[in-house]
Amino acid sequence: MKKTVCLAMLFGFLITFCGLAQAAGSLQDIIKKGVLRAGVKDLTPGFALENVKTGEISGYDVDIVKAIARKLNVKLDIIPVGDKDRISRLKEGAVDILAATLTKTPARAKAIDFSYTYFVTGQKFLVKKGTVRKLTDLKDKKIGTVAGTTSEANVRKALPKATIALFSDHVPAFLALQRGEIAAITTDEAILVPILAKADPGLYEIPDITISKEPYGLGIRKGDKSLRNFVNKTLLEMEKSGEAKRIYDKWFGPASQTPMKRAFKITTK
(Lines give C-alpha, C1' and ligand atoms only; values in the text may rest on other atoms or scores of the structure.)
Protein backbone atom coordinates (compact mmCIF):
# COMPACT_ATOMS: atom_id res chain seq x y z
CA MET A 1 0.00 0.00 0.00
CA LYS A 2 2.79 2.41 0.99
CA LYS A 3 4.69 1.54 -2.19
CA THR A 4 1.62 2.34 -4.31
CA VAL A 5 1.12 5.69 -2.56
CA CYS A 6 4.79 6.61 -3.02
CA LEU A 7 4.68 5.74 -6.71
CA ALA A 8 1.55 7.84 -7.16
CA MET A 9 3.17 10.78 -5.38
CA LEU A 10 6.33 10.42 -7.50
CA PHE A 11 4.27 10.28 -10.70
CA GLY A 12 2.38 13.41 -9.68
CA PHE A 13 5.63 15.21 -8.87
CA LEU A 14 7.10 14.31 -12.26
CA ILE A 15 4.03 15.65 -14.08
CA THR A 16 4.21 18.90 -12.13
CA PHE A 17 7.96 19.22 -12.65
CA CYS A 18 7.74 18.56 -16.39
CA GLY A 19 4.89 21.06 -16.71
CA LEU A 20 6.90 23.75 -14.94
CA ALA A 21 9.96 22.97 -17.01
CA GLN A 22 7.92 23.27 -20.21
CA ALA A 23 6.51 26.59 -19.06
CA ALA A 24 9.90 27.94 -17.99
CA GLY A 25 11.40 27.28 -21.43
CA SER A 26 8.47 28.27 -23.62
CA LEU A 27 9.87 31.63 -24.76
CA GLN A 28 13.00 30.02 -26.18
CA ASP A 29 10.87 27.25 -27.71
CA ILE A 30 8.70 29.84 -29.46
CA ILE A 31 11.75 31.63 -30.83
CA LYS A 32 13.35 28.35 -31.89
CA LYS A 33 10.21 27.15 -33.68
CA GLY A 34 9.59 30.61 -35.14
CA VAL A 35 5.87 30.52 -34.29
CA LEU A 36 3.69 32.05 -31.56
CA ARG A 37 0.43 30.11 -31.20
CA ALA A 38 -2.30 32.42 -29.94
CA GLY A 39 -5.74 31.24 -28.84
CA VAL A 40 -8.51 33.70 -29.73
CA LYS A 41 -12.31 33.59 -29.68
CA ASP A 42 -13.13 33.88 -33.37
CA LEU A 43 -16.82 34.72 -32.89
CA THR A 44 -16.25 37.85 -30.80
CA PRO A 45 -17.02 41.08 -32.71
CA GLY A 46 -14.37 43.73 -32.24
CA PHE A 47 -11.83 41.32 -30.75
CA ALA A 48 -11.58 38.33 -33.08
CA LEU A 49 -14.06 37.57 -35.85
CA GLU A 50 -13.62 35.35 -38.87
CA ASN A 51 -14.41 36.74 -42.31
CA VAL A 52 -16.67 34.11 -43.87
CA LYS A 53 -15.43 34.96 -47.37
CA THR A 54 -11.67 35.02 -46.75
CA GLY A 55 -11.37 32.93 -43.59
CA GLU A 56 -9.18 35.65 -42.06
CA ILE A 57 -9.61 36.35 -38.34
CA SER A 58 -9.20 39.97 -37.33
CA GLY A 59 -9.86 42.21 -34.35
CA TYR A 60 -8.33 43.94 -31.34
CA ASP A 61 -7.05 40.75 -29.71
CA VAL A 62 -5.53 39.61 -33.00
CA ASP A 63 -3.68 42.90 -33.48
CA ILE A 64 -2.33 42.75 -29.92
CA VAL A 65 -0.77 39.31 -30.41
CA LYS A 66 0.42 40.29 -33.88
CA ALA A 67 2.45 43.04 -32.23
CA ILE A 68 3.89 40.57 -29.71
CA ALA A 69 4.82 38.13 -32.52
CA ARG A 70 6.54 40.94 -34.44
CA LYS A 71 8.53 41.85 -31.34
CA LEU A 72 9.59 38.19 -31.07
CA ASN A 73 10.35 38.14 -34.81
CA VAL A 74 8.24 35.01 -35.28
CA LYS A 75 5.15 34.07 -37.26
CA LEU A 76 1.72 34.18 -35.64
CA ASP A 77 -0.54 31.14 -35.68
CA ILE A 78 -4.13 32.06 -34.76
CA ILE A 79 -5.99 29.16 -33.13
CA PRO A 80 -9.75 29.51 -32.41
CA VAL A 81 -10.80 28.67 -28.84
CA GLY A 82 -14.09 28.85 -26.98
CA ASP A 83 -15.14 30.19 -23.60
CA LYS A 84 -15.31 26.72 -22.11
CA ASP A 85 -12.03 25.31 -23.45
CA ARG A 86 -9.70 28.33 -23.72
CA ILE A 87 -7.97 27.83 -20.36
CA SER A 88 -7.66 24.05 -20.78
CA ARG A 89 -6.19 24.55 -24.28
CA LEU A 90 -3.54 26.80 -22.76
CA LYS A 91 -2.76 24.46 -19.87
CA GLU A 92 -2.40 21.43 -22.13
CA GLY A 93 0.00 23.29 -24.44
CA ALA A 94 -2.22 23.59 -27.52
CA VAL A 95 -1.57 27.36 -27.51
CA ASP A 96 1.23 29.50 -26.08
CA ILE A 97 -0.90 32.51 -25.14
CA LEU A 98 -4.57 33.44 -24.84
CA ALA A 99 -5.92 36.69 -26.26
CA ALA A 100 -9.55 35.83 -25.69
CA THR A 101 -11.42 38.58 -23.79
CA LEU A 102 -10.28 36.83 -20.63
CA THR A 103 -11.34 38.65 -17.46
CA LYS A 104 -8.75 38.47 -14.69
CA THR A 105 -10.32 36.73 -11.68
CA PRO A 106 -8.78 35.17 -8.54
CA ALA A 107 -10.10 31.74 -9.52
CA ARG A 108 -8.53 31.88 -12.98
CA ALA A 109 -5.27 33.23 -11.54
CA LYS A 110 -4.92 29.96 -9.63
CA ALA A 111 -4.95 28.02 -12.89
CA ILE A 112 -2.96 30.31 -15.21
CA ASP A 113 -0.83 33.45 -15.14
CA PHE A 114 -2.00 36.78 -16.53
CA SER A 115 -0.23 39.62 -18.28
CA TYR A 116 -0.74 43.21 -17.24
CA THR A 117 -4.29 44.37 -17.94
CA TYR A 118 -4.46 45.30 -21.63
CA PHE A 119 -8.17 46.18 -21.85
CA VAL A 120 -10.83 47.33 -19.39
CA THR A 121 -14.56 47.31 -19.98
CA GLY A 122 -17.81 46.84 -18.04
CA GLN A 123 -20.71 44.44 -18.42
CA LYS A 124 -23.84 45.99 -19.92
CA PHE A 125 -26.98 45.02 -21.87
CA LEU A 126 -28.05 45.20 -25.50
CA VAL A 127 -31.82 45.65 -25.86
CA LYS A 128 -34.46 46.81 -28.29
CA LYS A 129 -34.58 50.58 -28.19
CA GLY A 130 -36.83 52.12 -25.54
CA THR A 131 -37.52 48.88 -23.66
CA VAL A 132 -35.07 49.27 -20.76
CA ARG A 133 -34.24 52.37 -18.72
CA LYS A 134 -33.03 50.86 -15.43
CA LEU A 135 -31.82 47.51 -14.17
CA THR A 136 -35.13 46.61 -12.52
CA ASP A 137 -36.82 46.69 -15.94
CA LEU A 138 -35.05 43.37 -16.53
CA LYS A 139 -35.70 41.78 -13.13
CA ASP A 140 -38.17 39.15 -14.42
CA LYS A 141 -37.16 39.04 -18.09
CA LYS A 142 -35.34 36.41 -20.16
CA ILE A 143 -31.76 37.45 -20.74
CA GLY A 144 -29.20 35.81 -22.98
CA THR A 145 -25.49 35.44 -22.34
CA VAL A 146 -22.63 33.07 -23.15
CA ALA A 147 -22.35 29.98 -20.99
CA GLY A 148 -19.40 29.56 -18.66
CA THR A 149 -18.33 33.22 -18.67
CA THR A 150 -18.01 35.85 -15.97
CA SER A 151 -20.99 37.51 -17.70
CA GLU A 152 -23.19 34.56 -16.74
CA ALA A 153 -22.12 34.73 -13.09
CA ASN A 154 -22.51 38.52 -12.96
CA VAL A 155 -26.02 38.63 -14.42
CA ARG A 156 -27.24 35.84 -12.14
CA LYS A 157 -26.02 37.86 -9.18
CA ALA A 158 -27.41 41.19 -10.43
CA LEU A 159 -30.79 39.79 -11.53
CA PRO A 160 -31.52 36.66 -9.44
CA LYS A 161 -35.18 36.47 -10.55
CA ALA A 162 -34.47 36.78 -14.28
CA THR A 163 -34.44 33.76 -16.58
CA ILE A 164 -30.96 33.28 -18.03
CA ALA A 165 -30.74 31.77 -21.51
CA LEU A 166 -27.28 30.37 -22.28
CA PHE A 167 -25.69 30.47 -25.73
CA SER A 168 -22.51 29.13 -27.27
CA ASP A 169 -21.46 32.59 -28.41
CA HIS A 170 -22.60 36.20 -28.87
CA VAL A 171 -23.77 35.88 -32.48
CA PRO A 172 -26.53 33.31 -31.79
CA ALA A 173 -27.51 35.33 -28.71
CA PHE A 174 -28.07 38.42 -30.83
CA LEU A 175 -30.09 36.41 -33.36
CA ALA A 176 -32.35 35.32 -30.48
CA LEU A 177 -32.78 38.98 -29.49
CA GLN A 178 -33.73 39.86 -33.05
CA ARG A 179 -36.35 37.10 -33.07
CA GLY A 180 -37.82 38.35 -29.78
CA GLU A 181 -36.93 35.17 -27.89
CA ILE A 182 -35.05 37.12 -25.21
CA ALA A 183 -35.40 40.67 -23.85
CA ALA A 184 -31.67 41.43 -23.75
CA ILE A 185 -28.21 40.04 -24.18
CA THR A 186 -25.55 40.85 -21.64
CA THR A 187 -21.77 40.78 -21.87
CA ASP A 188 -18.91 43.23 -21.83
CA GLU A 189 -19.68 46.60 -23.41
CA ALA A 190 -16.66 46.27 -25.70
CA ILE A 191 -18.26 43.19 -27.26
CA LEU A 192 -21.75 44.72 -27.45
CA VAL A 193 -20.58 47.90 -29.22
CA PRO A 194 -19.43 46.15 -32.45
CA ILE A 195 -22.63 44.08 -32.46
CA LEU A 196 -24.72 47.25 -32.15
CA ALA A 197 -22.70 48.91 -34.93
CA LYS A 198 -23.72 46.16 -37.36
CA ALA A 199 -27.38 46.01 -36.27
CA ASP A 200 -30.28 47.79 -37.96
CA PRO A 201 -29.88 51.52 -37.19
CA GLY A 202 -32.21 52.82 -34.50
CA LEU A 203 -33.66 49.46 -33.47
CA TYR A 204 -31.29 48.55 -30.63
CA GLU A 205 -29.34 50.32 -27.90
CA ILE A 206 -27.02 49.81 -24.94
CA PRO A 207 -28.60 51.48 -21.88
CA ASP A 208 -26.31 53.19 -19.38
CA ILE A 209 -26.47 50.26 -16.94
CA THR A 210 -23.22 48.63 -15.78
CA ILE A 211 -23.18 45.60 -13.50
CA SER A 212 -19.44 44.86 -13.35
CA LYS A 213 -15.93 45.97 -14.23
CA GLU A 214 -14.02 43.59 -16.50
CA PRO A 215 -10.20 43.85 -16.75
CA TYR A 216 -8.76 41.63 -19.50
CA GLY A 217 -5.38 39.93 -19.32
CA LEU A 218 -3.47 37.81 -21.81
CA GLY A 219 -3.40 34.23 -20.52
CA ILE A 220 -0.05 32.50 -20.06
CA ARG A 221 0.71 29.07 -18.60
CA LYS A 222 1.30 28.97 -14.87
CA GLY A 223 4.95 29.56 -14.00
CA ASP A 224 5.89 30.71 -17.52
CA LYS A 225 7.88 33.68 -16.25
CA SER A 226 10.01 34.19 -19.36
CA LEU A 227 7.05 34.60 -21.69
CA ARG A 228 5.00 36.57 -19.17
CA ASN A 229 7.85 39.03 -18.59
CA PHE A 230 8.40 39.46 -22.33
CA VAL A 231 4.69 40.03 -22.95
CA ASN A 232 4.44 42.55 -20.11
CA LYS A 233 7.48 44.46 -21.36
CA THR A 234 6.02 44.53 -24.88
CA LEU A 235 2.64 45.78 -23.65
CA LEU A 236 4.30 48.64 -21.76
CA GLU A 237 6.33 49.55 -24.84
CA MET A 238 3.15 49.52 -26.94
CA GLU A 239 1.48 51.87 -24.48
CA LYS A 240 4.47 54.22 -24.39
CA SER A 241 4.80 54.35 -28.19
CA GLY A 242 1.08 54.89 -28.75
CA GLU A 243 0.65 51.61 -30.61
CA ALA A 244 -1.79 50.25 -28.00
CA LYS A 245 -4.01 53.32 -28.37
CA ARG A 246 -3.86 53.11 -32.18
CA ILE A 247 -5.06 49.51 -32.06
CA TYR A 248 -7.86 50.51 -29.69
CA ASP A 249 -8.93 53.41 -31.90
CA LYS A 250 -8.90 51.13 -34.93
CA TRP A 251 -11.52 48.84 -33.42
CA PHE A 252 -13.37 50.93 -30.81
CA GLY A 253 -12.33 54.55 -31.17
CA PRO A 254 -13.13 57.59 -33.36
CA ALA A 255 -13.47 55.59 -36.58
CA SER A 256 -16.23 53.30 -35.25
CA GLN A 257 -19.93 54.08 -35.51
CA THR A 258 -20.41 53.97 -31.74
CA PRO A 259 -17.09 55.03 -30.24
CA MET A 260 -16.06 54.20 -26.69
CA LYS A 261 -13.61 56.31 -24.76
CA ARG A 262 -10.35 54.57 -23.90
CA ALA A 263 -10.41 55.31 -20.18
CA PHE A 264 -7.45 53.10 -19.23
CA LYS A 265 -3.73 52.73 -19.83
CA ILE A 266 -1.54 49.65 -19.79
CA THR A 267 0.50 49.89 -16.60
CA THR A 268 2.11 47.55 -14.10
CA LYS A 269 -0.90 47.92 -11.77
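**Exercise 1. Is Asn 73 buried or exposed, and what stands out about its phi?**

Solution. Start with the cover: Asn 73 has 71% relative accessibility and counts as exposed (buried is under 20% relative accessible area, exposed over 50%, partly exposed in between, with a 1.4 Å probe and protein chains only). Before going on, note that this is a predicted model, where local features need pLDDT of at least 70, side-chain atom pairs count only at pLDDT 80 or more, and totals for chains, interfaces and linings use all residues. Residues are numbered from 1 along each chain as its sequence is written, and side-chain values use heavy atoms, leaving out hydrogens and water.

Next, find the spot: Asn 73 sits in the loop between helix 3 and strand 5 (75–80). Helices (H or I, at least four residues) and strands (E, at least two) are DSSP runs, numbered from the N terminus. Last, the backbone: phi of Asn 73 is positive, about 60°, although Asn 73 is not a glycine. Most residues other than glycine have a negative phi.

**Exercise 2. Where is Thr 101, and is Thr 101 buried or exposed?**

Solution. Look in the loop between strand 6 (97–98) and helix 5 (106–111) for Thr 101. With a relative accessible area of 5%, Thr 101 is buried. Its phi is positive too, near 40°.

**Exercise 3. At what angle do helix 3 and helix 10 pack?**

Solution. Take helix 3 (residues 60–72) and helix 10 (residues 243–252): their angle is about 155°, and their axes lie 9 Å apart. Axes here are lines fitted to C-alpha atoms, for helices over the stretch in contact, and angles run from 0 to 180 degrees between N-to-C directions. So helix 3 is roughly antiparallel to helix 10 (under 35 degrees is roughly parallel, over 145 roughly antiparallel, 65 to 115 roughly perpendicular, the rest oblique).

**Exercise 4. Which residue forms a salt bridge with Lys 245?**

Solution. The partner is Asp 249, with the closest N and O atoms 2.7 Å apart. Asp 249 and Lys 245 are four residues apart in helix 10, so about one helical turn separates them. Lys 245 is partly exposed, at 42% relative accessible area.

Now try helix 6 (residues 150–158), where Glu 152 and Arg 156 are also about one helical turn apart. Their side chains meet in a salt bridge (3.2 Å, N to O). Glu 152 is buried at 16%, while Arg 156 is partly exposed at 39%. The whole structure has 18 salt bridges.

Notes:
Salt bridge = Lys/Arg side-chain N within 4 Å of Asp/Glu carboxyl O.
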